[in-house]
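Please view the sequence and the structure together before reading on.

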Amino acid sequence: AQACVAAWCKHMEYFWTPNEEQLLGIASGYVSDPRFQANFDKIHPQLAEFVYEAVKVYLENRKRK
C-alpha cells in the first residue's frame, strides 16, 4: 500500500507540488465527498478509508526520515 501511495504522490507532482496538508486533504476528500466515495465503493466499500489511512501513514513515515 505504501508503494502505491508513493506513486500517487509522484503522480500529483505532475500537476503541482502539494505539501503534506494538501495531500492529506485530497485523501480525506476520498472519504468525505460522496462523489469520490461512490467511485471507491465500486471497487470495495472500505477502499476510500483504506486509502486515506494509507496516506496518513505514508506522510507520518516521511516526517520521520
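This is a predicted model: local features need pLDDT of at least 70, side-chain atom pairs count only at pLDDT 80 or more; totals for chains, interfaces and linings use all residues.

Which residues do ring pairs link into a cluster? The cluster consists of W8, Y30, F36 and F40.

**Overall fold**

The protein contains 4 helices and 0 strands, arranged along the sequence as α-α-α-α. Its radius of gyration is 12 Å, close to the 11 Å that the globule rule gives for 65 residues, so the protein is as compact as a globular protein of that length. The C-alpha trace spans about 35 × 20 × 15 Å along its principal axes. Among contacts with a separation of 6 or more, 49% join residues 24 or more positions apart.

**Surface and charge**

Of the 65 residues, 29% count as buried. The protein exposes about 4,700 Å², and carbon and sulfur atoms supply 59% of this area. There are 8 positive and 8 negative side chains, with the centres of the two sets 5 Å apart.

**The aromatic rings**

The whole structure holds 3 aromatic pairs. Two that involve Y30 are listed here.

| Pair | Centre to centre | Angle between planes | Class |
|---|---|---|---|
| Y30 and F36 | 5.4 Å | 65° | edge-to-face |
| Y30 and F40 | 4.9 Å | 45° | tilted |

Y30 lies in helix α2 (residues 20-32) and F40 in helix α3 (residues 34-43), so their pair ties together parts that are 10 residues apart in sequence. Y30 counts as buried because its relative accessibility is 11%, and F40 counts as buried at 16%. F36, with a relative accessible area of 39%, is partly exposed.

Definitions and conventions: Residues are numbered from 1 along each chain as its sequence is written. Side-chain values use heavy atoms; hydrogens and water are left out. Helices (H or I, at least four residues) and strands (E, at least two) are DSSP runs, numbered from the N terminus. The radius of gyration is taken over C-alpha atoms; the globule rule is 2.2 Å times the number of residues to the power 0.38. Buried means under 20% relative accessible area, exposed over 50%, partly exposed in between (1.4 Å probe, protein chains only). Contact means heavy atoms within 4.5 Å. Accessible areas come from the Shrake-Rupley method with a 1.4 Å probe; for residues, only the protein chains shown count as cover. Lys and Arg count as positive and Asp and Glu as negative; His and the chain ends are not counted. The place of a charge is taken as NZ of Lys, CZ of Arg, CG of Asp or CD of Glu. Rings of Phe, Tyr and Trp (its six-membered ring) pair if their centres lie within 6.5 Å; planes under 30 degrees apart count as stacked, over 60 as edge-to-face and the rest as tilted.
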